[in-house]
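Dear colleague,

Please find below the structure that I am handing over to you. My notes on what was found in it follow directly after.

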Amino acid sequence: MDNNLARAMAGLTTGIYVLTTQENGRCHAMSSSWVAQVSGEPAMFTAAVDNAHFSNGVIARTGVFGLNVVGRRGRELEDYFYSPRARRDNNLDTIEFDLSPTLAVPWLKLAMIALEARVVDSRVAGDHTIFIASPVSVRVNTNDRPLTPLDLDYVYLGGKQVVARDRSGWD
């Protein structure tokens, strides 16, 4: 990706989330920032997951996942799931969570909001799959400001491409 395109893509911001899966008692989570609401009635949102990521296969097989909204006070979640320590199967062994009431996906206790969602459709889009999901239930833990990519010193641009956040010119 050339520098101008990378800068443009880094300017597209949403929130910081931790997407969670559970299959046969094995719980896994990943940092996610490519999430967007796509319908109000019924409520639906999308989450883009790298085709090579462990979570992609689990979501495709089970048709469900959890989406945990990371707030400023839960920043350690992003730090952990972005780190090499989390790049393994069953990586929730050091994180406190409950299983959601209906779909039994992990809801992280440090997340400000947690949703359990059922996949209603999916589309492969280049190196990611876009999962279109319908929320089944939600838990609101704390009133906090959602963390965004603007709060991070890096920007994920897909695959293994991560660039430093350019803050030059910011007031």
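The exposed residues A60 and R61 sit on the face of helix 2 that is turned away from its buried side. Here buried stands for under 20% relative accessible area, exposed for over 50%, and partly exposed for what lies in between, with a 1.4 Å probe and protein chains only. Helices (H or I, at least four residues) and strands (E, at least two) are DSSP runs, numbered from the N terminus.

Please note that this is a predicted model, in which local features need pLDDT of at least 70 and side-chain atom pairs count only at pLDDT 80 or more, while totals for chains, interfaces and linings use all residues. Residues are numbered from 1 along each chain as its sequence is written, and side-chain values use heavy atoms, with hydrogens and water left out.

Helix 2 spans residues 54-62, and its buried residues are S55, N56, V58 and I59. Seen down the helix axis, these buried residues fall within an arc of 170°, so they line one face of helix 2; the arc is that of the directions from the helix axis to the C-beta atoms. Their cover includes strand 1 (17-23), strand 2 (26-32), strand 4 (43-50), strand 5 (64-69), strand 8 (113-125) and strand 9 (128-140), where contact means heavy atoms within 4.5 Å. Just after helix 2 comes G63, with a positive phi of about 75°.

**Helix 3**

In helix 3 the buried residues are L77, E78, Y80 and F81. They cover an arc of only 165° around the axis, which puts them on the same side of helix 3. R75 also belongs to helix 3 and counts as partly exposed, at 26% relative accessibility. Which residues does R75 contact, leaving aside its neighbours within four places in sequence? They are V70, L147, D151 and L152. Between R75 and D153 there are 78 residues in sequence and 13 Å in space, C-alpha to C-alpha.

**Backbone features in the loops**

The peptide bond that joins E41 and P42 is cis, with omega about 0°. P42 lies in the loop between strand 3 (35-40) and strand 4.

N24 is not a glycine, yet has a positive phi of about 55°. This residue is found in the loop between strand 1 and strand 2, and at 75% relative accessibility N24 counts as exposed. N90, likewise a residue other than glycine, has a positive phi near 55°. The loop that holds N90 runs between helix 3 (75-82) and strand 6 (97-99), and N90 counts as partly exposed at 27% relative accessibility.

**The chain as a whole**

The protein chain has three helices and eleven strands, in the order α-β-β-β-β-α-β-α-β-β-β-β-β-β from the N terminus on. Its radius of gyration is 15 Å, close to the 16 Å that the globule rule gives for 171 residues, so the chain is as compact as a globular protein of that length. That radius is taken over C-alpha atoms, and the rule is 2.2 Å times the number of residues to the power 0.38. Along the principal axes, the C-alpha atoms fill a box of roughly 45 × 35 × 35 Å.

Of the 171 residues, 43% count as buried. Among contacts between residues at least 6 apart in sequence, 62% join residues at least 24 apart.

With kind regards
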